[in-house]
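Hi,

Here is the structure I promised to pass on. Have a look at it first, and then read on for what I found in it.

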Amino acid sequence: MTLTKNKPRTIKATKALEGATVYLRKIVLFDVNANYHRWMNDSQVIQYLEVRHSRRNLKDLREYVSGVIESKDEIFFAICLNDNGRHIGNIKLGPINRAHGFAYIGFLIGEREFWGQGIATEAVGAVTRYAFEVLGLHKVLAGCYANNDGSLRVFQKCGFKREGVQESQWLCEGKYVNGILLAKINPLHKK
Ligand SMILES: CC(C)(COP(=O)(O)OP(=O)(O)OC[C@H]1O[C@@H](n2cnc3c(N)ncnc32)[C@H](O)[C@@H]1OP(=O)(O)O)[C@@H](O)C(=O)NCCC(=O)NCCS
């Protein structure tokens, strides 16, 4: 993906990162629509996400997204198809810890018909590079349920390493599962 620091005015022009299949642009409140609401109430999409424990009507979702947009410590991107601009998922960098130069990453592809096409890998790779090359961060971290095979594979493909296991951390569909902590260090900062 091509990286740019520009902050253009229109949704079309706010592309921050462009890749082979998708581009990323900053989320706007207008994106929190019926489709977004559907993703957040799709049991398969939220199966491994903490959002499933929150209230997820449109008003609540807008309040949440509004807070993230206003936050100086979080950057929330819409994942959109290059072909037609369709918004199919989200990826968030944050909270960003500027004192230590690290940030957390989280993502979802809400439109399940686009699962298995390499899109999450493209998006995670792009945002991680953005964190390193544009923001100059030292490290990007993530947490993942141990049974979220798709997510673990995405991180592995993007060069994240397992840093630790949180034993029996998350209650997922009636069973406690381990949490996996993953991270990637800025390759430009390695000796
Ligand atoms: C997990 C998720 C992001 C994967 O997105 P995706 O765009 O389908 O992922 P990709 O196509 O980039 O797949 C990357 C790799 O993971 C594999 N993979 C994807 N989903 C998988 C699954 N459910 N089980 C096993 N492997 C899976 C792919 O086969 C691919 O591996 P390969 O290249 O060796 O064939 C998507 O399923 C999703 O949004 N899930 C709900 C939200 C979520 O769990 N987010 C992550 C929170 S930590």
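Before anything else, a word on contacts: two residues are in contact if their C-beta atoms, placed from the backbone, lie within 7 Å. Please keep in mind that this is a predicted model, in which local features need pLDDT of at least 70 and side-chain atom pairs count only at pLDDT 80 or more, while totals for chains, interfaces and linings use all residues. Residues are numbered from 1 along each chain as its sequence is written. Helices (H or I, at least four residues) and strands (E, at least two) are DSSP runs, numbered from the N terminus.

Let me start with Val32, which sits in the loop between strand E3 (22-26) and helix H1 (34-39). Leaving out residues up to four places away in sequence, Val32 touches Leu58, Leu61, Arg62 and Val65. I call a residue buried if 20 or more other C-beta atoms lie within 10 Å of its own, exposed if 12 or fewer, and partly exposed in between, again with C-beta atoms placed from the backbone. Val32 counts as buried because it has 20 C-beta neighbours inside 10 Å. Its C-alpha atom is separated by 28 Å from that of Phe132, 100 residues apart along the chain.

Leu61, one of the contacts of Val32, belongs to helix H2 (residues 58-70). Leu61 is buried too, with 21 other C-beta atoms within 10 Å. Not counting residues up to four places away in sequence, Leu61 touches Val32, Tyr36, His37, Met40 and Arg56. Leu61 and Leu29 are 32 residues apart in sequence, and 9.5 Å lie between their C-alpha atoms.

For its shell, a residue is near a molecule if its C-beta atom, placed from the backbone, lies within 6 Å of it. The ligand is surrounded by 22 residues, of which the closest are Trp115, Ala120, Thr121, Gly150 and Arg153. Strand E6 (102-109), helix H3 (119-134) and helix H4 (149-157) are the elements that give two or more residues to this shell. H4 contributes the most, with six residues. By type, the shell has eleven nonpolar, eight polar and three charged residues, where Ala, Val, Leu, Ile, Met, Phe, Trp, Tyr, Cys and Pro count as nonpolar, Asp, Glu, Lys and Arg as charged, and the others, Gly among them, as polar.

Which residues of H4 are buried? They are Ser151, Val154 and Phe155. These lie on the same side of H4 because they cover an arc of only 95 degrees around the axis, the arc being that of the directions from the helix axis to the C-beta atoms. Their cover includes H3, strand E7 (139-145) and strand E9 (175-185). On the other side of H4, the exposed residues are Asp149, Gly150 and Arg153. Just after H4, Gly159 has a positive phi of about 85 degrees.

Leaving aside neighbours within four places in sequence, Val127 is in contact with Leu24, Phe77, Ile91, Leu93 and Ile105.

On to the strands, which pair if DSSP finds at least two bridges between them. Strand E4 (residues 75-81) and strand E5 (residues 87-97) are antiparallel and joined by six bridges, with Ile75 opposite Leu93 in E5. Their hairpin has five residues between the strands, and Gly85 in this hairpin takes a positive phi near 80 degrees. E5 also runs antiparallel to E6, over seven bridges, and here Ile96 stands opposite Ala103 in E6. The hairpin of E5 and E6 has four residues between the strands, and Gly101 in the turn has a positive phi of about 75 degrees.

A few backbone details are worth a look on screen. Gly94 and Pro95 are joined by a cis peptide bond, with omega about 0 degrees; Pro95 is in E5. Ser168, in strand E8 (residues 161-172), has a positive phi near 50 degrees without being a glycine. Ser168 is exposed, with 12 other C-beta atoms within 10 Å. Glu173, in the loop between E8 and E9, is also not a glycine and has a positive phi of about 50 degrees. With 9 C-beta neighbours inside 10 Å, Glu173 is exposed.

Best wishes
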